[in-house]
Amino acid sequence: MELKENPRPMPDQPGIDAYAAYLPAYALDDNRLDPTVPPRAGGPTRSVAGYDEDTVTMAVEALRHIAADTPAGRHLLLATTSAPYEAKTSAGVAHEALGLDPGVTALDLRGHRAGASALDLVLRGVATAALADVRTTRPGAPDELAQGDAAAAFVGGRRAAVLLARAGHTTEVLDRWRLPGERHDRVWDERFTAEILVAAGLDTARRALAEASLDTVDQVVVSSSNARAATALRRALGGTGQDATIERATGFTGVAHPGLLLAAALDEAEPGQTILLLSATEGADAFVLRVGDGVRAARGGPCVRAQLAARQRLGYGRYLRWRGLLDVQGPARPAAPAPAAPPMHRRAGWKYRLEGSRCDACGRVTTPPGRVCASCGIAGSDAATGKVSLRERTARVVSVTRDHLTTMPEPEVAIVVADVDGGGRLSAYATDVAPGDVVVGMPMTPTFRRLWTTDSIHNYFWKLRPAPADAAPGKDTADGQ
């Protein structure tokens, strides 16, 4: 690699201070409707969000590791093509769940190019961003297993990587699109759009490399909505194919994809190495980065490969039920009531941030929070009662109930009562685990999920999932490796 001195002074160069990736707990590698048809050997695998996940909950999972110190005046961006609300700002829900300063402005970015645009704004030092998508196709579509669900998050700074150069290229092309009210993308013939995206990508990458005064880089990372274009660009730019290996295990994760592939590259990069990130979607965006000395400390949560190794295999019928693509008979039970705006606002600390109240008299934690201590019965004022966040604490199961009449797209779910390390008790649904595997004494950690949707209102709250194997009493599981 030939590296020439960059004329711009290093202290003025923006970059990435912290990053995190989130992959759901499930993977789908078989979409056969007819079990007598032999499976395709060595086919792709797609990452699958749980039935209680959407782009907001995945964004929270990625951001919760790195975004707590986002200062007022900065923007919180949620880039997605599958926001749970159309007119309402979905990033506002993530903002509330993370407990960010009210001075942080929450904004949504839409469209397939929004992931690269959000990353660009992070690198400019004006935003903290989450890139998240839930991808669906019609059952049996040729690229059904080539699409996937994921999220990635980034905070501007310099620990993880420094930006050496950027370049962009806008091309209006009918590649992937969806009309309002439609669920699935429509796709033009990839042979036609690949030629356009390859030309745009090569031009953009070469301009970025020239601006950085580099002939080659240590890693080439290519994200494209067109698989044919991605393959051609990796070959033309001398990529090793490590990014293609990740993509084959997750599918193309839409807006999240450039962030997911960059996170995977940073996981394994050495300080001082250079990375070319190229996103070829509706044009192209290229970023040349130099890996920082603090890249190892900059990662929040487990690395991408560790999350890939921990996933559970999902059956196709179950996947179709989760996505509402297979209409099945549910229990003879009325739908859960819709939440109302006034109590959601008044109880935002509990509903979105999972905050309990600590008694000034006895020190015990009451959940949900209240002015009267559940332990000693002494009443205190709002000012005298301290708020305690339970989001990052481990909870131990003390009882389990299995609900066989759930309105969720599962035959049964587990409801647990768990004592939180450090004080407090939670009654919550268990998730990312088979109901029969939940036992008394199991350590679990909170995760932000969508309970149900009634009257066009999404009801978000916290569930409990099995804690990482290395979780210890009182340990902040958000930094698990």
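Predicted model: local features only at pLDDT ≥ 70, side-chain atom pairs only at ≥ 80, totals over all residues.
By cavity I mean a set of points, on a 1 Å grid over the protein atoms alone, where a 1.4 Å probe fits but cannot get out. Volume is the space filled by probe spheres set on those points, with points joined across faces, edges and corners.

The largest cavity comes to about 110 Å³. Who lines it, counting residues with an atom within 4 Å of a point? You'll find Q219, V220, V221, T240, Q242, D243, I246, L261, A264, A265, E268 and R305. Two or more residues each come from β11 (219-224), α6 (242-250) and α7 (257-268), and α7 gives the largest share, four. Those are DSSP runs numbered from the N terminus: helices are H or I, at least four residues, and strands are E, at least two. By class, this lining has six nonpolar, three polar and three charged residues. Nonpolar here is Ala, Val, Leu, Ile, Met, Phe, Trp, Tyr, Cys and Pro; charged is Asp, Glu, Lys and Arg; the others, Gly among them, are polar.

The second largest cavity holds about 50 Å³. Its lining includes H112, R113, F252 and P258, and splits into four nonpolar, six polar and one charged.

How far does the predictor trust this? Average pLDDT, its per-residue confidence from 0 to 100, is 91 for the chain, and 94% of residues score at least 70. Over residues 1-11, though, pLDDT is below 50.

Housekeeping: numbering starts from 1 along each chain as its sequence is written, and side-chain values use heavy atoms, without hydrogens or water. Local features need pLDDT of at least 70, side-chain atom pairs 80 or more, while totals for chains, interfaces and linings use all residues.

Conventions. pLDDT = per-residue confidence, 0-100. Contact = heavy atoms within 4.5 Å. 1 Å grid on protein atoms, 1.4 Å probe; cavity = no way out; pocket = protein on both sides within 12 Å on 5 of 7 lines; lining within 4 Å.
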